[in-house]
Amino acid sequence: MQHIAIIYHSAHGHTAHIAQQVCQGARGLPGIHAELIRAEDLAHTPDAVLRYDGVILGSPTYLGGVSGPFKTFMDATGRLWKTQQLKNRLAAGFTVSSLPAGDKQSTLLSMFVFAMQHGMVWVGNPILPEQHAGVPYDEAANRLGSWSGLMAQAGHGSPADAFAPGDVKTARMFGRHFAQTLQRLGTVAAPQSHEEATA
């Protein structure tokens with residue numbers, strides 16, 4: 001069994017809804033256990049991330065970056081960075097904003113840099129935008145055209161589940177792709193000790 005954590009922060013329920021779709025997509029594969037974890041719950045116990053072979057990071061985009069609670073979780077992993085205990089694990093990211101662009105790319109880039117500093121292996125979003133194949137825009141997978149991670153859009157003040165069908169479909173496909181990638185690459189090896197790394 002391979003284990004995936006979907007670590008997310010959601011202030012108004014929109015990012016949580018997409019996290020649930022990502023989790024559902026990952027759980028669709030046999031041999032995969034996927035679990036939703038709130039970033040604020042991990043801020044005090046970041047070592048819990050070590051139980052997982054891969055992590056999918058999720059945050060709303062606030063002012064061009066991750067939310068404050070999500071950044072607090074990221075900062076709490078400093079001691080894991082110092083010992084590179086997350087090295088070789090898979091990572092991916094998703095974000096939600098109320099505008100089609102909303103500078104979501106910079107949020108994904110901050111997650112990418114975070115994963116790179118931890119020595120993780122980043123999984124992007126290879127889903128082709130289906131509107132190019134004639135699928136109606138709101139129903140198209142990857143309608144927002146993001147390759148570095150998953151982007152979704154929810155109107156300002158809308159209900160938590162008020163997403164275009166294409167965004168929901170993309171989230172499930174994204175979770176499934178991450179799980180498939182984890183299965184292909186296998187479970188992460190145990191991290192080296194300092195003595196092994198410097199021998």
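Leu-109 lies in helix H5 (residues 104–117), where helices are DSSP runs of H or I with at least four residues and strands are runs of E with at least two, numbered from the N terminus. The model is a predicted one, in which local features need pLDDT of at least 70, side-chain atom pairs count only at pLDDT 80 or more, and totals for chains, interfaces and linings use all residues. Residues are numbered from 1 along each chain as its sequence is written, and side-chain values use heavy atoms, with hydrogens and water left out.

Leu-109 is partly exposed, at a relative accessible area of 43% (buried is under 20%, exposed over 50%, partly exposed in between; 1.4 Å probe, protein chains only). Together with Phe-112, Val-113 and Met-116, Leu-109 forms a nonpolar surface patch of about 310 Å² of accessible area.

Helix H1 (residues 14–27) has 14 residues and spans 20 Å from its first C-alpha to its last, close to the expected 20 Å (1.5 Å times one less than the number of residues). Of these 14 residues, 11 are buried, so H1 is largely enclosed by the rest of the structure. Among the buried residues of H1 are His-14, Ile-18, Val-22 and Cys-23. Their cover includes strands S1 (2–8), S2 (32–38), S3 (54–60), S4 (90–97) and S6 (150–153), as well as helix H6 (165–185).

Lys-82, in helix H4 (residues 78–83), is exposed, with a relative accessible area of 70%. The C-alpha atoms of Lys-82 and Gly-175 are separated by 29 Å, the two residues being 93 residues apart along the chain.

Notes
Patches are made of residues with over 30% relative accessible area and no salt bridge: like charges are joined within 9 Å, nonpolar side chains (Val, Leu, Ile, Met, Phe, Trp, Tyr) within 5 Å. Accessible areas come from the Shrake-Rupley method with a 1.4 Å probe; for residues, only the protein chains shown count as cover. A salt bridge is a side-chain nitrogen of Lys or Arg within 4 Å of a carboxyl oxygen of Asp or Glu. Contact means heavy atoms within 4.5 Å.
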